[in-house]
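Me: Hi! I've got this one open on my screen and would like to talk it through with you.

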Amino acid sequence: MIQGVFYARFFAQEGTKIVAQSPPGCIVPVAGVDKPCLFDFNVLQEYIIPRKAFCNRFITVNDPDGKYSVLGFPVSIPSPRYDRNEFIFNFGLVVACNTARDSNADEEVDQTPYERVVRRLASTFAEMEKQNGYLSRDQDRPLNRAEPALDPLQGPIGSYRRRPIESLLEIIKEDLNNYGECMIPVDEANTINMKLFPHHPTPPEVKGWHVPVAKMKFADVVDPTWDLTLQRVIAHVDGVSDVRRIAFNADVSLELTQLALRHLLYYDTILLLDIFFFGACYAPRPGIHDFVANVGGMVDECANYVCVVGAAGAASPTESRGPAEGRGGAGAHGGHRVSNYMLIKLMTTFCVGKTVAEWLKGHLDAGFDVLRFVDVRRLVQFGVIKGCLYRVHKFVVSKQYLATLATGQARPLAGGDPLQKYTDGCHTFDQIITEQNLTDPEIMEKLKSFPAPAGDLTVIYK
C-alpha cells in the first residue's frame with residue numbers, strides 16, 4: 001500500500017524542496033497537521049534529488065529506521081529557459097520497506113508493481129513540462145482559472161485549465177490503494193492512466209518427472225478461446241500423473257507440455273510435486289510442529305483429504321464424525337475417520353532411511369492397517385504441500401566419473417552404459433526412472449553390474 005506520494009523540485013536558490021505531498025505532512029511538516037512525518041526528509045533529500053549521474057533512472061532508498069522505502073525517478077531536463085539551464089524534479093512514492101526491522105512497521109509489500117507507476121509519473125510530467133512548461137509555471141495559480149500561459153522563450157502558448165499538483169497526488173494515492181488503477185484528467189490535453197499489475201516471479205523449470213497438482217478447478221475457468229494445447233494438457237492434470245505421462249496421454253510433445261505447465265505455474269494455478277512411490281522416503285520438516293499443534297485446524301483438514309471409509313466391522317482407532325467436507329472424506333459417506341492422534345502419529349513416523357512400504361509395514365505390525373483407512377498418497381501429498389514433510393531423493397555418484405568430469409576427459413561412449421551420465425550426483429532416481437523407463441529396483445540391479453571398480457559407486461540420500 002502506498003503510504004505517501006510527493007513532488008519534489010530543485011530550486012536554484014533554495015535547493016531541494018517538497019512542492020506537494022499527499023497526505024499532508026507525510027514528508028515535511030505542514031501547519032495544522034500533528035501527524036509525524038514518515039521519515040526525516042533532511043536525511044534523504046540528497047537521494048530524492050540526487051547528483052546528475054543518478055538522474056533519469058529509477059532509484060530506491062530506505063529510510064535509516066528501515067520502515068519505509070522511497071521509490072523515485074529523478075528527471076533532469078536541460079534547457080536554456082531554466083535557471084542553471086536545467087530543470088530537476090522527482091515524483092516519488094513511499095511504501096513499506098521489504099526489510100522492515102520494526103515489528104510495528106506496516107506489513108511488507110511487493111515493491112515491483114510500483115516501479116512502473118513511478119516511471120509513468122516521471123515520463124508523463126517530463127513530457128508535459130517539455131510541451132508547455134506545466135511544472136515550472138507559478139504553483140499559486142487557482143484551479144480552473146483560464147488564462148494564457150507564457151513560455152519564457154516562445155511567448156503565449158494557449159489557454160489551459162490546470163488541476164493543482166496536490167489534488168493529483170491525492171487522487172493517485174487513493175485510487176491506486178483502493179482500486180489498483182487511476183485515470184485522472186490533468187488538463188484539456190493530458191490524462192494520467194496507470195494500473196498496478198501484480199508481479200509474478202519467473203517460474204522454475206518443469207521437468208518430466210514432476211507431478212503438477214491443480215490449485216483451482218480448471219473446469220470452472222477454462223474457456224474455449226484458450227490455447228488448444230493448454231486445454232489438452234489441463235484435461236490430464238490429476239495430481240497423480242507426471243509430466244511425461246501427461247504429454248503422452250494428451251498427445252502433445254514433452255516440450256510443449258512443459259511450456260504449458262510453466263505458464264500455469266507462472267499464474268500460481270498449479271504446484272509441482274515429486275512422483276509418489278511406495279519405495280520413496282519422506283522425512284519431517286519443521287512445519288510438522290504446526291501439524292502436531294493442529295494450527296488452523298490442519299489435522300481436521302488432513303482428515304477430510306486423506307481418510308477413506310473403513311471396512312465394515314473392522315477394528316480401527318477411529319472416532320465418530322459428522323458430515324465431512326472435501327473429496328475423500330469418510331464422514332461424507334456417514335462412516336468414521338481416523339482420530340487426530342493417529343493422523344499425527346502417522347505423519348510424525350516418516351523418517352530418513354525408511355521407505356513408505358516399510359513405514360506401512362511398521363504400522364501394520366503395530367496393529368493398524370493404514371491402507372484400509374487412509375489414502376497414503378494423499379497423506380504424503382498433504383504433508384509435502386503443507387510443509388510437514390519433504391522428499392528424500394536418491395542420487396548415485398561415481399568417483400571415477402567425477403574425476404573424468406573434473407579433468408574434462410569425460411566423453412560419451414557409443415554403446416556405453418546409459419546410466420553413466422546420471423552418476424555425477426546431480427540426477428535423482430526420479431529422473432532416471434522417467435527418462436530410462438526403469439523402476440527403482442531395476443536401477444539398483446543395473447548399478448550392481450555397472451562397469452566400474454569395486455566401491456566406486458555410492459548412493460546418496462538427501
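This is a predicted model: local features need pLDDT of at least 70, side-chain atom pairs count only at pLDDT 80 or more; totals for chains, interfaces and linings use all residues.

Me: Thanks. Trp359 is in H10, so which residues of that helix are buried?

Reply: In helix H10 (residues 356–365), the buried ones are Val356, Trp359, Leu360 and His363. They sit on the same side of H10, because they cover an arc of only 100 degrees around the axis. That arc is taken from the directions from the helix axis to the C-beta atoms. Helices (H or I, at least four residues) and strands (E, at least two) are DSSP runs, numbered from the N terminus.

Me: And what's on the other side of H10?

Reply: Lys361 and Asp365 are exposed there.

Me: What covers the buried residues of H10?

Reply: The cover includes strand E13 (281–284), helix H9 (340–348), helix H11 (370–373) and H12. Contact here means heavy atoms within 4.5 Å. Just after H10, Gly367 takes a positive phi of about 105 degrees.

Me: Tell me about H12, then. How many of its residues are buried?

Reply: 7 of the 10 residues of H12 (residues 376–385) are buried, so this helix is largely enclosed by the rest of the structure. The buried ones are Val376, Arg378, Leu379, Val380, Gln381, Phe382 and Gly383.

Me: What happens at the start of H12?

Reply: A side-chain oxygen of Asp375 reaches to within 3.2 Å of the backbone nitrogen of Arg377. Past the other end, just after H12, Gly387 has a positive phi of about 80 degrees.

Me: Switching topic: how many aromatic pairs are there?

Reply: The structure holds 14 of them. One is Tyr7 with Phe91, a stacked pair at 4.7 Å centre to centre with 15 degrees between the planes. Rings of Phe, Tyr and Trp (its six-membered ring) pair if their centres lie within 6.5 Å; planes under 30 degrees apart count as stacked, over 60 as edge-to-face and the rest as tilted.

Me: Where do Tyr7 and Phe91 sit in the chain?

Reply: Tyr7 is in strand E1 (residues 2–11) and Phe91 in strand E6 (residues 86–96), so the pair links distant parts of the chain, 84 residues apart. Tyr7 counts as buried at 0% relative accessibility, and Phe91 is buried with a relative accessible area of 2%. Ring pairs also link Tyr7, Tyr82, Phe87, Phe89, Phe91, Phe125 and Tyr134 into a cluster.

Me: Which residues have the most contacts inside the largest nonpolar core?

Reply: Tyr7, Phe89, Phe91, Phe125, Leu135 and Ile165 do, in a core of 35 residues. The largest share of this core, 8 residues, comes from H2. A second, separate core of 30 residues includes Met347, Leu360, Phe368 and Phe373. A nonpolar core is a set of buried Ala, Val, Leu, Ile, Met, Phe, Trp, Tyr and Cys residues joined through side-chain atoms within 4.5 Å.

Methods:
Residues are numbered from 1 along each chain as its sequence is written. Side-chain values use heavy atoms; hydrogens and water are left out. Buried means under 20% relative accessible area, exposed over 50%, partly exposed in between (1.4 Å probe, protein chains only). A polar contact is a pair of N or O atoms within 3.5 Å; within protein, one must be able to donate a hydrogen and the other to accept it, and residues adjacent in sequence count only if both atoms are side-chain atoms.
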